[in-house]
Amino acid sequence: MLPSESSYGLFTPIRSAAGIKRILVLKGRRDTKFTLVASSLAQVQKFFPAARSKQFTRAAQAVWPGPVSLVVSRRMSVRVPDLPMLRDLAQAVGQPLVATSANQAGQPAAYSVVQVGRQIDLTQVDAVVDGGSLPRRKPSAVVVVTEAGVQVLREGPAHVNRTLKRIYE
């Protein structure tokens with residue numbers, strides 16, 4: 001469990017079926033739609049052919065690193081985070097990481113380790129990095145990139161929304 005740009009999060013390598021299952025159990029979640037964090041656009045393109053399009057590359061270069069998740073498949077979106085620690089972790093394991101808020105499904109985001117511990121069993125988490133109390137921020141924007149432009153599925157921070165609109169003006 002690590003701090004992220006918006007709240008505390010749970011992370012596991014994308015190829016770790018056991019890690020993904022553990023996250024689903026910890027969160028009390030059934031759906032398998034995930035946001036991923038990656039070290040770079042190159043890492044995203046290595047794992048997701050859809051990310052190799054000119055339009056995707058243009059959007060990614062405009063908003064990454066930052067709080068924007070770009071959809072790469074029916075079940076996944078990915079972002080390159082602002083936090084070097086998360087980019088470095090994805091680089092070190094050689095693959096994007098499943099990234100989800102460290103809270104029970106449907107419950108408020110947790111901004112401290114104490115808040116996380118009220119919602120999930122921390123003894124079931126391999127490692128806990130306590131970054132102190134985090135400021136409350138909006139979650140990342142979620143965006144679909146098409147040849148015609150971008151479709152915002154979830155609004156993010158205001159500066160991100162302005163950047164996305166400028167990409168296709």
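1. Val129 is partly exposed, because its relative accessible area is 33%; buried means under 20%, exposed over 50% and partly exposed in between, with a 1.4 Å probe and protein chains only. This is a predicted model, in which local features need pLDDT of at least 70 and side-chain atom pairs count only at pLDDT 80 or more, while totals for chains, interfaces and linings use all residues. Residues are numbered from 1 along each chain as its sequence is written, and side-chain values use heavy atoms, with hydrogens and water left out.

2. Val129 sits in the loop between helix H5 (113–117) and strand S7 (141–145). Helices (H or I, at least four residues) and strands (E, at least two) are DSSP runs, numbered from the N terminus. Leaving aside residues up to four places away in sequence, Val129 touches Met1, Leu2, Pro3, Tyr8 and Val113; contact means heavy atoms within 4.5 Å. Pro3 is 126 residues from Val129 along the chain, yet their C-alpha atoms are separated by 7.1 Å.

3. What is the order of the eight strands in the open sheet? The order is S1-S2-S6-S3-S5-S4-S7-S8, and the pairing is mixed. Strand S1 (2–3) and strand S8 (150–154) are the edge strands, each pairing on one side only. Two strands pair if DSSP finds at least two bridges between them. Strands of a sheet pair through backbone hydrogen bonds, either parallel or antiparallel.

4. Strand S3 (residues 34–37) runs parallel to strand S5 (residues 76–79), and four bridges join them. Thr35 has Ser77 as its bridge partner in S5. S3 also runs antiparallel to strand S6 (residues 97–101), with three bridges; here Leu36 is partnered by Val98 in S6.

5. Strand S4 (residues 68–71) pairs with S5 in the antiparallel sense over two bridges. Ser77 in S5 stands opposite Val71. Four residues lie between S4 and S5 in the hairpin that they form.

6. Helix H1 (residues 17–27) lies across strand S2 (8–13), S3 and S6, and runs at about 155 degrees to S2. Axes are lines fitted to C-alpha atoms, for helices over the stretch in contact, and angles run from 0 to 180 degrees between N-to-C directions.

7. Rings of Phe, Tyr and Trp (its six-membered ring) pair if their centres lie within 6.5 Å; planes under 30 degrees apart count as stacked, over 60 as edge-to-face and the rest as tilted. The count comes to one aromatic pair. Phe56 and Trp64 form it, edge-to-face, at 6.0 Å centre to centre with 75 degrees between the planes. Phe56 is buried because its relative accessible area is 3%, and Trp64 is buried at 11%.
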